[in-house]
Amino acid sequence: MQALAERFEARAIPLRADPARSPFRIYRDTRFSKDKSPYKTHIGASFPWVDEPGGAGEQVDERTHGNGGYFNFQPGEMYAGGGMWMAEKPRIEAFRRAVRDEPDRVREALEDRAFVAWFGGAQSHEALKRVPPGYPADHTMADLFRWKDVVFGRRLTDDEVCSPGLPDQLADGYQAAMPVFRFLATLR
């Protein structure tokens with residue numbers, strides 16, 4: 001984690017990789033589960049967006065599903081990604097307004113060449129069945145109105161993750177995602 005934090009700082013990537021705060025806890029919530037296994041079988045870590053110097057972006061808020069990166073470590077299921085997962089209603093409404101009112105700005109961020117080359121583009125992990133009321137169903141980007149969040153990711157091989165070059169590889173990917181991170185940071 002420390003090596004990744006150093007790469008972020010060297011490249012001026014405003015994501016926080018903190019060895020104490022980034023990893024998720026290893027304990028499972030077993031209250032409502034038939035499986036009472038106490039530990040997770042994977043490790044996850046988040047890298048929240050921190051406002052750039054002189055920027056108008058968001059500040060880190062540990063309590064919300066904000067803008068940032070994510071890494072999952074599980075043999076056969078290695079994954080690096082990010083975005084705005086499980087967005088709260090005001091944030092997703094701000095995204096929908098941006099799609100409606102500033103489609104070129106949205107397209108510029110989500111279709112950035114380096115970003116698409118590294119992550120394959122953005123998507124939503126869950127979408128509404130219909131365009132929500134108040135948004136034009138005939139809009140050129142109407143499918144984005146149905147998104148409940150804005151996420152992106154890329155599977156990594158076990159060999160890539162276990163190599164000493166992993167911090168550089170993750171920094172490359174998150175640097176490619178900077179247009180998306182910056183765009184998401186403006187949503188209010």
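The legends below describe views of a predicted model of one protein chain.

**Figure 1. The whole chain and its elements.** The protein chain holds eight helices and four strands. Read from the N terminus, its elements follow the order α-β-β-β-α-α-α-α-β-α-α-α. The C-alpha trace spans about 45 × 45 × 30 Å along its principal axes.

**Figure 2. Surface and interior of the chain.** Of the 188 residues in the protein chain, 39% are buried. The accessible surface of the chain comes to about 10,700 Å², and carbon and sulfur atoms account for 52% of this area. Among contacts in the chain with a separation of 6 or more, 66% join residues 24 or more positions apart.

**Figure 3. Close-up of Pro 103.** Pro 103 lies in helix α3, which covers residues 103–110. Beyond its neighbours within four places in sequence, Pro 103 is in contact with Ala 98, His 139 and Met 141. Met 141 is 38 residues from Pro 103 in sequence, and their C-alpha atoms are 7.5 Å apart in space.

**Figure 4. Close-up of helices α3 and α8.** Two packed helices are described by the distance between their axes and the angle between them. The axes of α3 and α8 (residues 178–185) come within 7 Å and cross at roughly 140°.

Notes: Residues are numbered from 1 along each chain as its sequence is written. This is a predicted model: local features need pLDDT of at least 70, side-chain atom pairs count only at pLDDT 80 or more; totals for chains, interfaces and linings use all residues. Side-chain values use heavy atoms; hydrogens and water are left out. Helices (H or I, at least four residues) and strands (E, at least two) are DSSP runs, numbered from the N terminus. Contact means heavy atoms within 4.5 Å. Axes are lines fitted to C-alpha atoms, for helices over the stretch in contact, and angles run from 0 to 180 degrees between N-to-C directions. Buried means under 20% relative accessible area, exposed over 50%, partly exposed in between (1.4 Å probe, protein chains only). Accessible areas come from the Shrake-Rupley method with a 1.4 Å probe; for residues, only the protein chains shown count as cover.
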